[in-house]
Amino acid sequence: MIKIHHCGMRQMEEKHVANQVDLMVWNNRLDLLALSNFKGEVQVHRLHWQKVWNLPPPKENVTVDAMAWRPDGKALAIGYSHGTVCIVDIEDKEIIDKYDFSYETSEEFYTAKNYGIPCITWAVKAGTLESAVEYNLYDDPAIFLPKPPSPSNTYKNQVTEDISKNFKENQDQTQLSMLMIAYGSGNIYMSVFGRYPYGTVHLSQITKDDCGEYKILDINLSDDFSVMQVLYSDTNNNIHLSLVNTSILSAYAEELFVVATRHSQIVNMVTNLDKTMISITEAWEHILLEMDTKMAYYASSVPDGGVSADLLELLMLGVPSDELEVFLLNELTAKGLKKFGNSVELSYSTIQKLVLKQLNIVGQSLTYYLAELRGLTRIPDRYKVLGLEEKLVTEAIKASCAFLNKCLELQQVIDVSMRNYKAFFRWLFLVIVRLLDEQTSSDFVKITQQELTHIADFLYNFDNVQVDNNDTAEKPVKFNLERLGQYLQDQELTILPDDEDNPWHKYLRENSCLLKDNDTIFSMMDFRRFSLVQQQNYLKLAVGKIFDVRTKDVGKYFTVLYNLKCHQNVNKIARNNFRISQIFDASEDRFMMAFTDTEIIKEEIYFVSVNVKERLCNATCCKYSFSSCLLCDDDETPERNLYILDLQFYSSEYLSVLVKHPSVDDSTIFIQVPLKIVLENSIEFNMKSKSLLVFNEKVPKKNISPLLDSSVYKVLEKMDGFRIAVSGSRKVAVVLSNSNRKVRVFEMEINEDEEDETLDTTPLSQTSRT
């Protein structure tokens with residue numbers, strides 16, 4: 001017998017939960033447990049069952065298929081049954097990223113099927129990345145550019161500290177992590193840090209087996225990312241184990257980190273631009289809403305172009321039309337107009353600051369990061385293998401420069417608009433005062449000839465009638481109150497800037513040869529009619545094309561080492577019945593995999609170990625079971641096989657197994673199976689055999705109960721168990737009852753003296769409900 005030490009279990013909590021629990025996953029860095037229930041909610045609890053937060057499902061009738069913690073423990077990936085995956089911040093349950101794998105379309109049958117998210121794995125590569133710890137002068141644009149400040153908190157939706165938080169998270173990453181999401185009929189989506197989209201690979205690409213649809217059951221990566229082990233089932237419900245050569249991930253780990261870091265910085269800058277644009281638009285809409293509404297009402301009562309004509313006539317002749325006079329006296333007041341004019345001036349100043357100190361600086365940083373990214377694409381054979389295309393990056397740089405140019409253009413428009421607005425409101429104020437025969441200060445009465453010219457130019461472009469074919473006469477006619485607004489709409493400019501004297505345009509007209517076959521110098525004329533919103537959308541589209549995984553064929557870099565048929569002709573695999581767990585033992589360079597089916601196999605665990613050291617891939621397997629002799633040494637009592645309820649690798653040394661008690665219906669047995677015993681009773685098989693069925697009739701079933709010491713198991717009285725979740729790194733376990741409504745939390749590996757004192761103690765908290 002082999003006796004294990006310090007593997008006692010101390011019960012910490014027992015809880016009855018309001019909603020039936022479905023999945024349970026421990027955080028391997030923090031004492032946190034993520035739970036999902038049949039309502040699709042996800043809850044995070046601390047070790048002593050203190051609820052951290054509750055996240056409702058994204059929509060009705062959606063449940064959770066899979067969950068995985070980010071290796072640093074600060075985020076949780078949640079895969080939903082309708083094909084969406086959300087990455088949730090552990091601190092405030094904010095959704096950091098969201099992926100949609102809702103449907104996969106079949107070209108043959110022109111149908112769309114929803115497969116859900118059968119598996120999520122978040123692996124971390126062993127060792128510290130040099131690129132993460134070595135100082136690089138060019139990594140921080142703050143050395144060359146000002147740090148982008150947050151916009152004014154006057155308006156909601158302003159840029160908050162989430163940008164700097166994302167930067168900090170990225171800087172804290174010293175190890176490469178890879179998020180792998182199974183979806184569709186055998187697809188694996190791969191994302192570095194859960195943010196940079198590396199690409200999607202289909203099993204048929206690497207197994208060279210076009211049998212049709214697959215269901216991926218579990219994925220695991222070796223600690224150096226050189227080998228991936230995938231367990232999947234085919235259309236005939238045969239279970240396969242595939243070992244895939246992913247050495248590209250290992251060989252280009254440093255490059256993956258660098259590109260993923262640049263991607264994160266670029267995405268953060270684009271997000272910053274989005275939020276700043278929202279602030280600018282809200283500021284503009286806020287200050288113009290009142291005046292816009294009133295002027296639109298008047299415009300609807302006069303012929304097209306009548307607003308401009310009436311105001312120009314008033315400016316030149318000093319006599320308003322009857323309709324205009326009624327409008328000015330009834331809708332506007334001198335006091336209100338003066339106050340509104342001051343608000344407009346203040347808000348214009350705010351917008352100008354947002355453009356100057358936010359959009360410009362963020363745009364410059366974005367251009368800087370894109371230029372760095374283009375520099376990487378020019379390094380031979382190092383970054384091209386990651387799918388970066390220099391042409392696409394160059395187009396994004398041009399789009400970023402065009403956006404900066406549009407920001408400069410907008411600043412000039414703001415300067416002119418502020419000047420014209422101040423003159424317009426002061427003139428309109430004087431007109432109303434004169435119509436009311438009121439007095440005002442002599443200084444305020446003075447309007448220079450230059451100001452009159454500005455007002456006339458302003459009024460000349462006042463009307464901008466845009467009537468759709470289905471518009472009715474009752475609908476107010478749109479007009480152009482000022483030139484700033486056209487830049488903040490998703491449509492072409494109606495009043496183009498006067499750029500005839502623009503030095504850059506003049507220079508390019510005089511030196512047209514500079515534009516030929518040049519990826520650095522380009523004309524802005526293609527974007528002349530773009531509004532700022534259109535220019536921003538163009539920029540986002542150009543940046544998106546760089547990281548568009550649909551154009552990347554990463555599957556060509558992966559090759560299959562071995563593809564093994566483990567189990568043949570089983571019934572349809574049901575998610576609630578199939579139990580599988582994988583682990584990579586770094587000390588021995590081997591994968592270990594164990595699975596069972598609570599409906600079909602019931603009393604057996606199928607175990608496979610594959611040593612991948614130097615790609616030799618030596619493999620062993622065994623079937624083993626437990627019998628009632630585990631509990632007593634009475635030879636006269638007939639042995640009964642124990643039904644296996646659940647299993648999960650606790651560590652590379654132990655497999656945690658939950659079995660049904662042979663004689664007490666409301667009790668179960670928790671076993672810490674030493675893997676040394678399992679390995680010693682495994683037999684070697686030839687992985688190269690093409691006709692190989694791993695678990696064939698020649699593989700004997702071994703009852704390992706006589707080999708186990710009493711210290712490796714614990715009877716859980718009055719606990720009709722159904723599912724477990726364990727964590728060797730946190731030394732914790734949780735057992736879920738068959739009703740899905742009761743859980744027990746255990747602390748593992750305590751001393752025997754502590755175990756004797758506490759194992760049979762039931763906390764008072766077990767009677768409370770959450």
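A charge is taken to sit over a ring if NZ of Lys or CZ of Arg is within 6 Å of the ring centre and within 35 degrees of the ring normal. By this rule, the charged end of Arg 579 sits over the ring of Phe 722, 5.1 Å from its centre. The model is predicted: local features need pLDDT of at least 70, side-chain atom pairs count only at pLDDT 80 or more, and totals for chains, interfaces and linings use all residues. Residues are numbered from 1 along each chain as its sequence is written, and side-chain values use heavy atoms, with hydrogens and water left out.

The chain has 15 helices and 32 strands (DSSP runs, H or I of at least four residues and E of at least two, numbered from the N terminus). Of its 770 residues, 53% are buried (under 20% relative accessible area, 1.4 Å probe, protein chains only).

Aromatic rings of Phe, Tyr and Trp (its six-membered ring) pair if their centres lie within 6.5 Å; planes under 30 degrees apart count as stacked, over 60 as edge-to-face and the rest as tilted. The count comes to 17 aromatic pairs. One of them, Tyr 196 with Phe 547, is edge-to-face, at 6.0 Å centre to centre and 90° between the planes. This pair links distant parts of the chain, 351 residues apart. Tyr 196 lies in strand β15, and Phe 547 in the loop between α13 and β19. Tyr 196 is buried at 1% relative accessibility. Phe 547 is also buried, at 8%.

Tyr 214 and Tyr 232 form another edge-to-face pair, with 5.1 Å between centres and 80° between planes. Both residues are buried. Ring pairs also link Tyr 99, Phe 101, Tyr 183 and Tyr 189 into a cluster.

Terms used
Buried means under 20% relative accessible area, exposed over 50%, partly exposed in between (1.4 Å probe, protein chains only).
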